[in-house]
Amino acid sequence: MRRESAGARLLQVFLRRYARREARAVAPFVLGPRVLDLGAGEAYVAEALRELRPASICSADVGVFARTPGPYVAYDGWRLPFSDGGFDSTLILLTLHHCSAPEAVLGEALRVTRRRLIVMESVYRSRMERFWLELLDGRLNGLRHCGRMGVAERFRTADEWQALFESRGLRVVETRWPGAWWERLVHHPLLFVLDKRPAGVLDSRGGTAWTATPRGSCSSSCGVATRRPSRR
Ligand SMILES: C[S@@+](CC[C@H](N)C(=O)[O-])C[C@H]1O[C@@H](n2cnc3c(N)ncnc32)[C@H](O)[C@@H]1O
């Protein structure tokens, strides 16, 4: 077995600590016992969240990148192998800007979630902030998943993300800046707590809000077998 370099091990220590902060930031907003962590990466957030609240947490990503035990599902990046409304809450943390089609991923998250989405996104407010975001995100995340993580290209402003969420009928319940003061010198993670509207509720533009038809649920093993990612 190949040993990891000291630098790679240090990176994992940092990521695990960072994930604990993410878990603390999202824990008060998680609703219900069935939670999906979409774009879970190493699954450190699920590990930390289990210590903070009792929940059945399933991680999903486009490959098996888990470094912690627990249910983990690899999928093709387009269609989640879960039934409609199978989760009470879904986390999408620092992930949408890494997706080749963020709208499609959000749509799938909406389909499999019954009540609440919790999204954390790295946003920028100026050209300088965008410069740092691109530089640091590329440097740090380029080292993850053995260098296989897709480059983040879809950075947006807070208003642009909010417009996307509202266009899907989501109600913004809360926004927060969870980063530490030192982090916010160069990185601005913004937390959106988003609720699905009940069936038939009209959105502010008069259209009918998106609703899921709950069909099934996720067992503690997510109801599907974890599989290896196909080669890309
Ligand atoms: C910066 S990492 C965030 C990992 C974890 N959520 C966290 O906060 O530590 C972004 C993750 O998005 C995943 N990703 C990229 N495209 C995706 C897609 N279409 N669906 C789900 N996850 C995706 C990547 O594989 C990567 O693990």
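This is a predicted model: local features need pLDDT of at least 70, side-chain atom pairs count only at pLDDT 80 or more; totals for chains, interfaces and linings use all residues.

Mentor: In soluble globular proteins, nonpolar side chains tend to be buried together. Here the largest nonpolar core has 45 residues. Those with the most contacts inside it are Val 45, Leu 91, Ile 92, Ala 109 and Val 119.

Trainee: With which residues is Val 119 in contact, leaving aside its neighbours within four places in sequence?

Mentor: Val 119 is in contact with Ile 92, Leu 96, Phe 192 and Leu 194.

Trainee: How many bridges join strand β4 to strand β5, and how do the two strands run?

Mentor: Strand β4 covers residues 87–93 and strand β5 residues 113–122; six bridges join them, and they run parallel. Strand β5 is mostly covered, with eight of its ten residues buried.

Trainee: In what order do the strands form the sheet?

Mentor: A sheet is read from one side to the other, so its order need not follow the numbering along the chain. In this case seven strands form an open sheet in the order β3-β2-β1-β4-β5-β7-β6, with mixed pairing. The edge strands are β3 (72–74) and β6 (170–176), each of which pairs on one side only. On average, neighbouring strands of this sheet are turned by 20° against each other, direction ignored.

Trainee: What pattern does the protein follow when read along the sequence?

Mentor: The pattern is α-β-α-β-β-β-α-β-α-α-β-β, made of five helices and seven strands. Contacts give a further view of the fold: of those with a separation of 6 or more, 67% are between residues 24 or more positions apart.

Trainee: How many residues of strand β1 are buried?

Mentor: Five of the five residues of β1 (residues 34–38) are buried. Arg 34, Leu 36 and Leu 38 point one way from the strand, whereas Val 35 and Asp 37 point the other way. Five bridges join β1 to strand β2 (residues 56–61), and these two strands run parallel. Within β2, Cys 58 stands opposite Leu 36.

Trainee: Which elements cover the buried residues of helix α2?

Mentor: The cover includes α1 (6–26), β1, β2 and β4. The buried residues in α2 (residues 44–52) include Tyr 44, Val 45, Ala 46, Glu 47, Ala 48 and Leu 49. Val 45 was named above among the residues with the most contacts inside the largest core.

Trainee: Why does Thr 157 count as partly exposed?

Mentor: The class follows from a neighbour count: 20 or more C-beta atoms within 10 Å make a residue buried, and 12 or fewer make it exposed. Thr 157 has 16 C-beta neighbours inside 10 Å, and therefore counts as partly exposed. This residue lies in the loop between α4 (127–141) and α5 (158–167). Not counting residues up to four places away in sequence, Thr 157 touches Val 123, Tyr 124 and Arg 125. Thr 157 and Leu 190 are 33 residues apart in sequence and 9.9 Å apart in space, C-alpha to C-alpha.

Trainee: How many residues surround the ligand, and which are the closest?

Mentor: There are 20 residues around the ligand, and the closest are Gly 39, Gly 41, Gly 77, Leu 93 and Thr 95.

How values were computed:
Residues are numbered from 1 along each chain as its sequence is written. A residue is near a molecule or strand if its C-beta atom, placed from the backbone, lies within 6 Å of it. A nonpolar core is a set of buried Ala, Val, Leu, Ile, Met, Phe, Trp, Tyr and Cys residues joined through C-beta atoms within 7 Å. Two residues are in contact if their C-beta atoms, placed from the backbone, lie within 7 Å. Helices (H or I, at least four residues) and strands (E, at least two) are DSSP runs, numbered from the N terminus. Two strands pair if DSSP finds at least two bridges between them. Axes are lines fitted to C-alpha atoms, for helices over the stretch in contact, and angles run from 0 to 180 degrees between N-to-C directions.
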